[in-house]
Amino acid sequence: MTTIDVEVRGIGKRFPGVVANHDVSLHIRPESVHALIGENGAGKSTLMKILYGVQPADDGEILVDGAPVSFASPTDAIAAGIGMVFQHFMLADNLTVAENIVLGAEKLHGIGDDAKREIREISDRFGFGLDPDTLVERLGVAVRQRVEILKVLYRGARLIILDEPTAVLVPQEVDALFANLRELVTQGRSVLFISHKLDEVRQIADDISVMRRGTTVGTADPKTATKRELAELMVGAELPSPATSESTVTDRPVLRLDGVSVADDTGRDLLHDISLTVHAGEVVGIAGVEGNGQSELVEVVMGMVRAHAGSIHLGEDDITRLSTRAVRDLGVGFVPEDRHRHGLVLDYPLWENRVLGHQTSAPAVRRGLVSRKGARADAQRIIDEFDVRTPGVETSARALSGGNQQKFIVGREMSGSPRLLIASHPTRGVDVGAQAAIWDHIRAARREGLGVLLVSADLDELIGLSDRLEVILRGRLTAQFDPSSVTASDLGEAMTGGEAA
Amino acid sequence: MRRVLDTVVGGLLPPLVAVVAAMLATGVLIAAFGGSPGDFLEVIFSVPNDRVLLTIINQSAMLSISGIAAAIGFRMGLFNIGVEGQYIVGSCAGAFFAGSGLVAGPLNILATLVVAAAAGAAYALIAGLLRVYRGVSEVISAIMLNYIALTMAGYLVTNYGQASGYTFTTERLPLDSQPLGFKIFADAPGDVWALSSLALILGIGYWFLIARTRFGFELRVTGESATAARASGVNVKRMTLATMALSGAVAGLVWMPAYFGSVHTFGTPENFQAGLGFLGLAVALLGRNRTLGIFFAAALFAFLSGQSNNLQSAGIAKDVIDITQGVTVLAVVVAYEVVGRRRAKTEAERVSRQLDAEREGASA
Amino acid sequence: MSPQVSAEVMRARTFRYTWWLAALAVIVVISSVRLYTGADRITAPGTLRAATIGACPILLAGLGGLWAERAGIVNIGLEGQMLLGTWGAAFFAYHYGPLVGVLGAAAMGLLGGLLHAIATVSFGVDHIISGVAINIVGLGAVGFLAKTTFDDLEGGGPRNLSGYSTPPEFTVPLIADGARSLADRHWFIISDVAGAIAGVTTRLSVLTVLAFVLVAVTAWVLWRTSFGLRLRSCGENPQAAETLGINVYRYKYVAVLISGAFAGLGGAYLAMVASSSFTVGQTGGRGYIGLAAMIFGNWRPSGVLTGSLMFGYTDGISLLSNSGTLVHALLLLVAILLAVFAVIKVRAAERTTGLVIAGLSLGAFVWFFSSDTVNASFTGMTPYVVTLFVLAVFSQRLRMPAADGKPYRRGGAG
């Protein structure tokens with residue numbers, strides 16, 4: 001396996017509405033792990049797509065082993081020895097592991113037994129433990145990631161790009177991944193590792209490049225750079241901290257779940273015997289590997305799925321059998337996990353999005369009729385109070401950046417002073433400015449007695465913001481932690497039930 | 001100024017382009033098979049005489065109702081291709097009921113409208129229930145239901161209607177239940193049917209429901225994003241059933257103007273106008289599910305159909321007008337798609353420009 | 001990992017075994033019903049030949065639907081493409097002979113597919129809207145073309161044409177006669193199977209053979225070649241395919257063009273085998289039924305074949321003369337099968353579904369024992385009712401391609 005040397009010079013890309021790339025330069029040395037850091041929206045993903053041929057660059061050049069190349073499609077990038085693992089896995093659930101891997105590279109070993117043999121061989125060499133005949137839909141997140149990496153290796157890639165590969169992994173899985181990456185480098189490959197988690201970057205990288213507002217603003221040496229210096233380079237300031245000050249927890253329960261179970265269509269329990277209390281002024285964090293029942297927990301409280309056992313109380317009110325509408329009307333704010341799918345109607349103007357979820361209450365709706373005036377005025381209030389950067393209430397939600405969309409949603413869900421806020425991944429994929437603002441608002445509301453049920457994959461956010469942590473594993477609450485004393489590693493072990501360790 | 005321009009470009013240009021494109025395509029096809037596109041255009045764009053004009057007005061009314069029925073479904077993301085079947089069922093049930101004379105005099109009209117709407121709604125609910133409880137695509141089930149409706153109507157009329165000549169029909173509408181039409185041309189035979197005004201009433205009702213009421217808002221939101229609707233507290237299953245029923249109810253009314261205005265009896269295929277339900281889908285698409293748009297689209301389609309009757313004399317098969325109509329629909333959805341993408345792009349650009357300017361202003 | 005795989009293989013084997021057993025049971029029930037009612041025509045060679053002829057256009061349309069949907073494009077325009085095929089077959093066969101007729105039909109269908117591909121793939125138009133528009137255009141075009149090109153021909157009229165030659169038919173020697181004589185004995189089971197064999201070996205059109213061969217070809221290409229893998233990946237996750245350097249647009253185009261061509265062949269079958277003349281609107285909704293057969297068949301070639309044979313049977317018998325008593329006998333068959341099905345559902349803890357089906361079964365029994373014949377209107381309705389019923393019962397167990405019907409735009413990956 002020959003090594004690869006990739007250099008990017010003065011790349012530029014213009015997009016409507018999104019921070020474009022301009023004058024991006026970096027050099028990935030052979031046999032090294034190069035980390036590219038920058039906050040959400042800094043333009044990292046755009047650069048990756050250009051480097052992998054998904055989108056063409058407007059300016060600049062890419063040099064592979066000193067020679068300029070141009071990629072019209074991923075095929076060209078693959079041919080040049082570049083492979084990419086996307087943050088959102090690019091796998092077809094209904095196809096087998098083998099089919100997903102050989103797709104597009106059928107010329108190498110066909111699509112039959114030869115290919116499967118090759119896949120087993122690579123899998124064994126790196127200790128991936130993959131079976132080519134399994135359907136992808138049966139695989140968990142960490143295994144899917146290994147399929148993605150194998151896909152790239154199968155094509156003989158010499159530079160492997162990984163876009164935020166640790167976002168969905170628990171600490172133990174991250175360690176396993178890093179071991180795999182090290183193994184790759186020893187065997188002559190290069191890795192471009194994209195992240196905004198500074199600790200991880202300092203742990204794995206040989207070189208660091210920093211991106212900010214669409215351009216590379218500097219490099220750093222992982223052995224000497226401190227976290228603070230990196231943050232300074234990345235956002236021009238210290239990173240915001242989710243940490244809360246003194247406790248405001250009261251003994252007044254706002255949400256109480258007693259022995260709640262939820263089953264899927266086939267009768268299998270997705271949630272089993274969940275008992276949980278959130279008090280006024282308390283943030284209860286739910287930690288867990290994605291797909292272990294977090295979504296169901298949120299949905300059963302919101303009345304979107306029905307519990308077949310147990311009861312749910314909001315203050316004194318029994319909400320076990322109530323509809324989503326009734327639950328909302330009793331004073332529950334809801335920040336859903338996927339803002340594009342659940343939180344907004346992207347093509348509607350902001351004022352109509354103000355009505356969403358509050359169809360029964362003034363000022364947006366009066367006596368069954370939508371009040372345009374009331375909704376517009378209140379949308380404007382949210383824009384002002386929550387610092388949503390938008391030309392006005394007539395702008396469609398789609399045109400806003402992720403951070404501004406999320407601030408608008410949080411503002412909307414805080415309207416009408418709710419008793420309880422259910423927040424799923426409230427700062428996922430937003431810039432640090434919006435992240436800090438959202439954390440501030442949650443903290444302020446907590447001070448005023450709001451109870452918060454917080455679901456997040458960001459362990460720093462969970463540990464910093466929560467007054468109490470519950471771990472969810474295969475639909476059960478399996479462990480409780482005090483955030484002031486827990487470590488990410490303890491949490492990770494509990495989240496996987498000790499398996500990943 | 002920009003907003004006016006946006007409205008013109010986004011709202012009016014696509015249908016205009018589509019109609020021109022469709023005319024062009026039809027003309028090319030006619031020319032390709034040795035016909036004269038000039039003759040085609042001449043016939044289509046000739047000034048209609050009073051009799052044809054009346055037909056066009058009445059047909060526009062029925063097409064508008066059909067378009068509204070389809071639009072109600074479209075706004076909720078349902079493709080109610082079953083408007084045709086619901087229209088047949090509503091017409092058949094209404095005609096049987098009205099002809100029976102159970103209710104006497106003008107009240108019979110009102111009662112019949114209720115029966116026709118209820119029958120259409122009930123029939124639409126079959127597809128709705130199958131979708132909600134069995135996960136069957138409403139498109140496929142409604143297509144099957146359309147064929148079943150046509151066969152059932154034929155069976156019912158043959159077995160429970162009366163013979164008239166070689167065909168069977170329902171009993172005739174009693175004379176005292178026949179409303180007077182609007183005689184707008186003194187010399188021409190026929191009039192604008194009384195119940196053609198139903199189109200106006202339903203059009204305004206549809207606009208108010210969708211644009212102003214909470215129910216309409218929830219219906220629209222469900223259409224744009226069922227997931228967001230669910231999170232916001234809409235019961236999507238119930239909304240699906242309500243929308244199907246509403247759409248079916250309106251579909252059941254489509255033929256009522258003709259029934260009360262001139263036909264007075266129902267029987268397939270002679271005493272019925274099959275196909276209006278399908279055209280309603282096209283009308284709704286062309287009119288972009290907006291009340292005024294639907295009225296204009298219905299008028300256009302009625303105009304094309306009305307004029308096409310004269311094509312035979314020019315030696316051109318009147319079927320070409322189906323091509324014009326079909327291509328219009330295809331072209332208009334393409335045009336809307338293109339305009340929509342452009343608009344999203346310009347808006348994103350505008351927002352980022354404005355925010356950049358603000359940022360610079362703040363830092364300066 | 002390996003125990004899981006072997007469990008899967010085991011399940012697949014058990015499944016296949018159950019499947020054969022179920023098929024055998026159905027044949028036994030059919031045969032018993034035939035003996036009990038004395039309606040020997042249920043499995044007579046003539047009936048089954050009509051069923052085969054009824055099945056082929058549906059099969060071709062269904063396969064066409066399969067090609068498009070495996071690449072993620074819903075092609076409801078099959079009906080219009082089939083219509084174009086009927087005209088193409090008549091026009092080209094009349095002037096250039098049957099072979100060119102078949103090719104012409106496929107080409108006309110392909111043209112309809114091209115229109116659909118341009119709208120849905122290049123412009124991202126809603127697949128159903130485009131399909132409906134194509135059906136409107138197809139009907140109009142066929143009406144216009146028929147009047148323009150057939151009116152002055154000998155054997156032609158403004159809306160029909162006859163007098164062109166059709167693809168050859170042949171009878172398989174020995175087998176056909178042997179099977180027929182067995183079938184005429186009306187023996188339990190043996191005669192029923194023999195009837196089926198005689199039905200498909202007597203006066204067999206080469207187009208029928210082609211249709212069945214295309215089932216195997218489709219299965220092989222889509223599941224055994226890299227071209228097929230790529231095409232299917234576009235229906236499962238086009239963004240993933242794109243990141244692996246696959247030109248998704250091209251595969252979608254190819255799939256929809258093939259889809260249209262298959263539908264066109266279905267049209268040719270209608271105008272050349274099912275009938276020897278052309279009329280405007282000859283398809284009568286068979287494009288839609290083909291789509292239903294594809295859904296029933298769970299987006300798999302063998303499933304499409306099963307669905308087409310079932311729908312083809314109901315379609316075929318509705319064209320037979322005096323089919324009232326035959327359909328009446330079938331009522332009993334339906335009642336028994338429904339009853340069995342109801343028991344299965346109740347035992348699978350789907351009580352409500354089971355009870356609804358039991359109710360339907362009871363209704364069918366009552367209808368059977370309280371009447372002597374079934375009105376011709378209802379016979380004509382059978383394929384649509386059966387489709388509706390089958391969808392209502394099975395649709396939740398079906399698995400369509402994950403990205404089927406979803407818009408896709410290049411450059412959106414990541």
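## Interface of chains B and A

Between chain B and chain A an area of about 2800 Å² is buried, of which carbon and sulfur atoms give 57%; buried area here is the accessible area (1.4 Å probe) that two parts lose on being put together, summed over both. R214(B), F217(B) and R230(B) supply 22% of the area that chain B buries against chain A, more than any other three residues. The contact, meaning heavy atoms within 4.5 Å, takes 27 residues from chain B and 34 residues from chain A. This is a predicted model, in which local features need pLDDT of at least 70 and side-chain atom pairs count only at pLDDT 80 or more, while totals for chains, interfaces and linings use all residues. Residues are numbered from 1 along each chain as its sequence is written, chains are lettered from A and ligands numbered from 1 in the order in which they are written, and side-chain values use heavy atoms, with hydrogens and water left out.

Three salt bridges are counted between chain B and chain A, a salt bridge being a side-chain nitrogen of Lys or Arg within 4 Å of a carboxyl oxygen of Asp or Glu. One that can be named joins the side chains of R220(B) and E352(A), at 2.8 Å from N to O. The elements of chain B that give two or more residues to the side touching chain A are α7 (198-212), α8 (214-224), α9 (226-231) and α14 (320-363), and α14(B) gives the most, with nine residues. Helices (H or I, at least four residues) and strands (E, at least two) are DSSP runs, numbered from the N terminus.

## Interface of chains C and B

Chain C and chain B bury about 3800 Å² between them, with 78% of this area given by carbon and sulfur atoms, and the contact involves 46 residues of chain C and 39 residues of chain B. The rule finds one salt bridge across this interface; the side chains of R159(C) and D319(B) meet in a salt bridge at 3.7 Å, N to O.

On the side of chain C that touches chain B, two or more residues come from each of α4 (98-122), α5 (127-150), α12 (286-296) and α16 (376-394) of chain C. Of these elements, α5(C) gives the most, with 15 residues.

## Domains of chain A

Chain A is divided into domain 1 (6-235), domain 2 (254-331 + 418-495) and domain 3 (337-415), with bounds that come from an automatic or database domain assignment. Eight residues of domain 1 of chain A and 14 residues of domain 2 of chain A make up the contact of these two domains, whose centres, taken over C-alpha atoms, are separated by 33 Å. The two domains bury about 800 Å² between them, 61% of it on carbon and sulfur atoms, and the count of salt bridges between domain 1 of chain A and domain 2 of chain A is zero.

## A sheet in chain A

An open sheet of four strands in chain A has the order β12-β11-β14-β15, with antiparallel pairing; two strands pair if DSSP finds at least two bridges between them. In chain A, β12 (269-279) and β15 (317-318) stand at the edges with a single partner strand each, so one side of each is left without a neighbour in the sheet. Strand β11 (residues 253-263) of chain A is joined to β12(A) by seven bridges, and the two run antiparallel. L257(A) stands opposite L276(A) in β12(A).
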